[in-house]
Amino acid sequence: MGILDIPDRIAAVCRKLRGAGHAALVVGGSVRDLLMGRSAGEFDLATSASPDEVCRVFPRTVKTGIKHGTVTVLIGRDGAGDWEGVEVTTFRGEGAYSDGRRPDEVVFVRTIEEDLARRDFTVNAIAYDPVDDRLVDPHGGRDDLARRLLRAVGDPRARFSEDGLRAMRAVRFAAVLGFAIEPETLAAIPRALHVFRKVSSERVRDELIKMLAADRPSIGVERMRETGLLAEVIPELCEGVGLRQNRFHAYDVYQHSLACMDATRGDPILRLAALLHDVGKPRAAQPRTEDPSEMTFYRHEVGGAEMADAISRRLKLSNQERERCVALVRHHMFWYTEDWSAPTVRRFIRRVGKERLEDLFALRGGDVVARGRGEDPRVEIAALRQRIDEALVAEAALKITDLAIGGQDVARALDVPPGPIIGKVLRALLERVTDDPSLNTKERLEALVPEVARNDR
């Protein structure tokens, strides 16, 4: 085994290029991750061969980014008969970035050292030659890995002014890797915000989503706040900085939101909902009449849901992701007591949606932990969980499609054509069934249709 454990199929591509007289090395995040003892994702290769020369060496290629020197080499995978793509990019340098997003021109260079000099951070500017089993590290990336330090290659002001997204990548790597950002590199981010503003919402969103997958995404969000990035991406969160709450909370609204995000275990969209769950508090804040030193936040979840919707649209989330995030913010405030009736439990399930219950409980658990008072979230949630499980096992009707009759049955019973009255009757029947699940039979519901229709008029 060499310095790094590179898959045989990747090493074979390097050997074949070397056999044709070209240099070929593994570069980028896979080298960094393997040096850290982490599993590597995709393996990218850099070579002295031109794109045309790469195509001549390998019989199966796709010219995926030929303008930028990238060719995807298709290699067989473990004799399974399918093909795997490996990106191979010619050593390159880059011209000026007039738009702050992409280089005006790409120039091919002769050496790996010249190629590494264009990269963003030293820990990403390490290459590995699996043929000679050697590392190429001209910028001290291995030392920075050992120090858990993120440092720009060369002049950080130049790096951030070239590509505006690099500022977001810096805070994302700080969170995902758990690294500190080198002081000069950190100080260069606020000076490059004018370049960052040129970056598309989609690219910013992608970096944010990757950051939210970190064990402690709060590291990245706090670096965003310190550097001014948060005010550019989600300025609404800045409104909670320093806003005191009440005796039930140890932290201000902003710090509470970060703690809730860290404590909520789940995918990035659930993490985003946790970050935004109290975003409406600053605009709803009012001093308590009996104790003006404490704040109340009446119906902050309603305003917060509207703000979360606007933020999700700004970040260009998909409709499904946006709806999920907004629903969690809207419904995160619930207070279960033992006197909840069975219909009340069923209405709660209907309001939230069965598919979102686990998300909501995860968020509530994070919310309880983030109060900072040492409370056990299981105590607050366990009883309601049990009641919900009982309701689900009973297979109660929780949505219109669970009813024993449908729209055609209602239309036939009323002898009316399809129209708004059908939906109104079905919703009213669902309310009746929520109160008394035994009504959910075809015969009993059809008998109720005329009465429900009369009451709705």
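1. Let's start with R324, which forms a salt bridge with D267, the closest N and O atoms lying 2.7 Å apart. A salt bridge here means a side-chain nitrogen of Lys or Arg within 4 Å of a carboxyl oxygen of Asp or Glu. This is a predicted model, in which local features need pLDDT of at least 70 and side-chain atom pairs count only at pLDDT 80 or more, while totals for chains, interfaces and linings use all residues. Residues are numbered from 1 along each chain as its sequence is written, and side-chain values use heavy atoms, with hydrogens and water left out.

2. What does the R324–D267 pair tie together? R324 belongs to helix α18 (residues 319–331), and D267 to the loop between α14 (253–263) and α15 (268–276), so the bridge joins parts that are 57 residues apart in sequence. Helices (H or I, at least four residues) are DSSP runs, numbered from the N terminus.

3. Now for accessibility: buried means under 20% relative accessible area, exposed over 50%, and partly exposed in between (1.4 Å probe, protein chains only). R324 is buried at 19%, whereas D267 is partly exposed at 31%.

4. R371 and E380 also form a salt bridge, with 3.2 Å between the closest N and O atoms. R371 is buried, with a relative accessibility of 10%, and E380 is partly exposed at 25%.

5. Are E294 and R288 buried or exposed? Both are buried, and their side chains meet in a salt bridge of 2.5 Å, N to O.

6. Salt bridges can also link up: R18, D129, D132 and R134 are joined in a network of them. The structure holds 47 salt bridges.

Key: Helix = DSSP H or I, 4+ residues; strand = E, 2+ residues; numbered from the N terminus.
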